[in-house]
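Trainee: Could you take me on a close look at the part of this protein that surrounds the ligand, and then carry on from there into the rest of the fold?

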Amino acid sequence: MKLDEIRKVTVLGCGTMGPGIAQTFAQHGYPVTVWSNVPEEHERAVKVVKTSLETFVQHDMFRSAEIEPVLKRLSFTTELEAAAGDADLVVECIVENLEIKGGLFRQLDACCKYDALIASNTSFLDIFKVTPERRQRRTVIAHWFAPPQIMPLVEVVRGPGSSEDTVDTMVALLRRAGKTPIVMQKFVPGFAINRMLRILGRETFFLLDNGYITADQLDLAVKASLAPRMMVLGLVQRYDFTGLDLSARNLENPDFLEPPLDNRPKSLFDLVEKGDFGVKTGKGFYDYSGRNYEDVLKERDDKLLKVLKSLDFLVTPEKG
Ligand SMILES: NC(=O)c1ccc[n+]([C@@H]2O[C@H](COP(=O)([O-])OP(=O)(O)OC[C@H]3O[C@@H](n4cnc5c(N)ncnc54)[C@H](O)[C@@H]3O)[C@@H](O)[C@H]2O)c1
C-alpha cells in the first residue's frame, strides 16, 4: 500500500500509549478509531487528548481552532470488527503479552482488509512469530516512545517477511505525522533504545538497591549531565569528545565495580508488589497521590515541549 492510499487509521488499545498515537494521526488529518474493551478507558482518553492538545496550544505549537476538529476525527468503540474492518493502517497497542497479541492478530486476520498495514507497538516481543502467514508482508513493528504525541522517535522493525513497500510506506507515513522514524533491519528484543534503557536500568537499580544514591539525586545527576549532552552528541560521538584513549583506559580499569545481573531488583519489585505502578496508580518511586492523572501528564508534557523546541534542529536533518 502506498502512502496516499492510507486514509483511515485504527488504534487497538487505549492505555498509556494508544491515545497519544491516535492523537498524533488525528492531528495530521487522519480519521482514527480507537478500540478497547474497556469503555472507561475511552472517557479517560478523550480527557487526556484534550489536555494534551491544549498544552500544545499553550506552547504555540498548535492552533486552538484545531482542537475540536482533531477531537472530531477520533472515535471510540468496543467492537473490533467495526474498528478494524475498513482501516488502512492498524496500530496494535494492547498489553505486552505475546499470546494475547497473537489472539488479536488472528481476529484481525478475519476482519481486516487484505492489504491493510499492521504495525505493532510492542516494546520487546517478536510478534512476527504470532502473525498469520498471509499478513507477514504487510506487518512491521513501529515502536513509539512515551508520550507518543511528543517524542519524535519511532523504531520501525522489519520482520522476516515484511515487504520493502510496507517498510517504506510506514516510514513515509510516520514522517508525514511529524515523527522521526529509524529502521531496524531485523528483530532483536528491545530494538535499539530499550536495549540501552535495560543496561541503564541495571545500573540504576544496582545504585538504588545498594544505597549508593537516592532516586531524586540520581535523576538530578542524569538531567544535569547525560541527558543534555546525549541530545547533542548521541552515544557514539560522545566518545570522540571524551577522547578514545581515555575511554579505552576507563574500560580496562580493574577496580571498576560491575553491577551483577539482577532481574528482580528490590527497589522495583517491592513497589510492584505493593501495587505502586507509577503515575497510573498515583505512586511509584515518587508520590503523585492527590493529583489528577491529566495534571501529572501535563506537567511532564510542558517540560518536554520546552525541550522539544530545542531538540527539533538536532533530529530534523534539514535543520541540523
Ligand atoms: N508504556 C510505555 O511507555 C510504552 C512505550 C512504548 C511501547 N509500549 C508498548 O505499547 C503496548 C501498550 O502499552 P501501554 O503502556 O499502553 O499498556 P497499558 O497497560 O497502559 O494499556 C494496555 C491496553 O491493552 C488493553 N488490554 C489489556 N488486556 C487485553 C486483552 N486481553 N485483550 C485486548 N486488550 C487488552 C487494555 O484495556 C489497554 O487498553 C505494549 O505492547 C507496550 O509494550 C509501551
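Mentor: A polar backbone atom of Thr16 sits 2.8 Å from an oxygen atom of the ligand, a polar contact in the sense of a pair of N or O atoms within 3.5 Å (within protein, one atom must be able to donate a hydrogen and the other to accept it, and residues adjacent in sequence count only if both atoms are side-chain atoms). Cys14 also brings a polar backbone atom to 2.8 Å from an oxygen atom of the ligand, while Ser123 uses a polar side-chain atom, 2.6 Å from a ligand oxygen. On its own the ligand has 830 Å² of accessible area, and the protein covers 73% of that; such areas come from the Shrake-Rupley method with a 1.4 Å probe, and for residues only the protein chains shown count as cover.

Before going further, keep in mind that this is a predicted model, in which local features need pLDDT of at least 70 and side-chain atom pairs count only at pLDDT 80 or more, whereas totals for chains, interfaces and linings use all residues. Residues are numbered from 1 along each chain as its sequence is written, and side-chain values use heavy atoms, with hydrogens and water left out.

Back to the shell: 21 residues are around the ligand, and Thr16, Glu41, Glu96, Lys101 and Ser123 come nearest. Near here means that a heavy atom of the residue lies within 4 Å. The shell divides into 10 nonpolar, 8 polar and 3 charged residues, with Ala, Val, Leu, Ile, Met, Phe, Trp, Tyr, Cys and Pro taken as nonpolar, Asp, Glu, Lys and Arg as charged, and the others, Gly among them, as polar. Helix α5 (98–111) and strand β6 (139–144) each supply at least two residues of this shell; helices (H or I, at least four residues) and strands (E, at least two) are DSSP runs numbered from the N terminus.

β6 leads us on to two places. In the loop between β6 and β7 lies Pro147, and the peptide bond that joins Ala146 to Pro147 is cis, with omega near -5°.

Just after α6, Gly178 takes a positive phi of about 80°.

In α1 you will find Gln23, which counts as buried because its relative accessible area is 1%. Beyond its neighbours within four places in sequence, Gln23 is in contact (heavy atoms within 4.5 Å) with Val49, Ser52, Leu53, Phe56, Leu74 and Gln149.

Asp60 lies in the loop between α2 and α3 (67–73) and is exposed, at 72% relative accessible area. Phe191 belongs to the loop between β8 and α7 (193–209) and is buried, at 1%.

Terms used. Buried < 20%, exposed > 50% of the residue type's maximum accessible area, 1.4 Å probe, protein only.
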